[in-house]
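User: I have a structure open and would like to learn how to read it. Could we start with whatever surrounds the ligand?

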Amino acid sequence: MAQQVKAVVARAKGAPVEVTTIVVPDPGPGEAVVRIQACGVCHTDLHYREGGINDEFPFLLGHEAAGIVETVGEGVTEVAPGDFVVLNWRAVCGQCRSCQRGRPQYCFNTHNAEQKMTLLDGTELSPALGIGAFAEKTLVAAGQCTKVDPAADPAVAGLLGCGVMAGIGAAINTGNVGRGDSVAVIGCGGVGGAAVLGSRLAGAGKIIAVDIDDRKLATARKLGATHTVNSTATDAVEAIRELTGGNGADVVVEAVGRPETYKQAFYARDLAGTVVLVGVPTPEMQLELPLLDVFGRGGALKSSWYGDCLPSRDFPMLIDLYLQGRLDLGAFVSETIELDAVEQAFERMHHGDVLRSVVVL
Ligand SMILES: NC(=O)c1ccc[n+]([C@@H]2O[C@H](COP(=O)([O-])OP(=O)(O)OC[C@H]3O[C@@H](n4cnc5c(N)ncnc54)[C@H](O)[C@@H]3O)[C@@H](O)[C@H]2O)c1
Ligand SMILES: [Zn+2]
Ligand SMILES: [Zn+2]
């Protein structure tokens, strides 16, 4: 039977979000209902609320979540009731041209639940990133549930579902950071901070954190940055070159998503180095670079979608490293809050006060 649960909904562009009652249907074929234990507040939720993603209001927000599978629909074999899972927005299809070529981490046809969750009056909700987890329960495609070790704190585990995975993956998957590499990370919020942590995990020799906020630089140090640069006062490109023997870094991760920081990343990289763009730009942004420099500097200019992660491969592995004390994922949880405090959390995020506020249910 369909259930009524409390959830955070954005009804109109720019309007404060509200806690209201929604209807969650029983899982159909290939679907699962998950009881949410924790869900992080990500910039993307705020983008939805501000109409920056599309105008399919009302949105059911929240997408960095962990919880317990409650029920599954027909044909679901990969998860069962009682499983502790992290939700992902890359349920791979196995059929598209990328999956067929053995590259499911780029799957071009990921899927979500087919049935819709609704408001009490029947209005269909658009779940953020096909998840919608600022809710006591949510309906997803079973492939969006990735089983991980239940010993992990849900507030920490859920963060792998989006920003933290994107940052770690930008370094270890897309940037292919290796032992002894020099890395620079421009923008050290949740995503950039995770790129710092991922670089340390991969054995980078030098990790240079760049931000315009000293608080973020202090956190980056705790996460593994060996050097920090506040680029309000200092030229980021020159500083990174100076710290790398005049050459530039082997890998530069751009985790802001702006043309000026992308240019810094482009020029702060050594010859034949790699730029990874994990920050997400907005539609009006344009980039101009001398084509001769694009050629002459060689190397690779890459974008990182969700850290090029494969949830089934990466989530359990990263949770295991966290449980072994080798990966400080706990550092990203700045505060835990209740479901009715998401609006205030947006405010704190806007002021740069937190890496992540996490709703705990
Ligand atoms: N590629 C993906 O799959 C993916 C997934 C999640 C988030 N993202 C994107 O990653 C980006 C970062 O997300 P976040 O959650 O870390 O946001 P955040 O707001 O926590 O962090 C952004 C950081 O950039 C810093 N910053 C801003 N302007 C700067 C500048 N000019 N130079 C240096 N630093 C600057 C801020 O001080 C802040 O620390 C966003 O664009 C987000 O949309 C991408
Ligand atoms: Zn596919
Ligand atoms: Zn997110």
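Analyst: This is a predicted model. Start by asking which elements supply the residues around the ligand. Here α5 gives the most to the shell around ligand 1, with three residues. The elements that give two or more are α1 (43–49), α4, α5 (190–201) and β12 (206–211).

User: Which residues come nearest to ligand 1?

Analyst: Of the 29 residues around ligand 1, the nearest are Ala166, Gly187, Gly189, Val191 and Gly257. By class, the shell has 13 nonpolar, 13 polar and three charged residues. Domain 1 (3–161 + 328–360) and domain 2 (167–304) each supply at least three residues to this shell.

User: Which residues touch the most other members of the largest nonpolar core?

Analyst: That core has 119 residues, and Val185, Ala195 and Val253 touch the most other members. Helix α4 (residues 163–174) gives the most to the core, with seven residues. The core lies between domain 1 and domain 2, because both give residues to it. For Val253, contacts beyond four places in sequence include Ala170, Ala171, Val185, Ala195 and Val278.

User: Is Arg221 buried, exposed or in between, and why?

Analyst: Count the C-beta atoms around the residue. Buried takes 20 or more within 10 Å, and exposed takes 12 or fewer. Arg221 has 16 others within 10 Å, so it is partly exposed. Arg221 is found in helix α6 (residues 214–223).

User: How far apart are Arg221 and Phe84 in sequence and in space?

Analyst: Arg221 and Phe84 are 137 residues apart in sequence, and 32 Å apart in space, C-alpha to C-alpha.

Key. Residues numbered from 1 in each chain as written. Chains lettered and ligands numbered in written order. Predicted model: local features only at pLDDT ≥ 70, side-chain atom pairs only at ≥ 80, totals over all residues. Core = buried A, V, L, I, M, F, W, Y, C linked by C-beta atoms within 7 Å. Helix = DSSP H or I, 4+ residues; strand = E, 2+ residues; numbered from the N terminus. Domains from an automatic or database assignment. Contact = placed C-beta atoms within 7 Å. Near = placed C-beta within 6 Å. Nonpolar A, V, L, I, M, F, W, Y, C, P; charged D, E, K, R; others polar.
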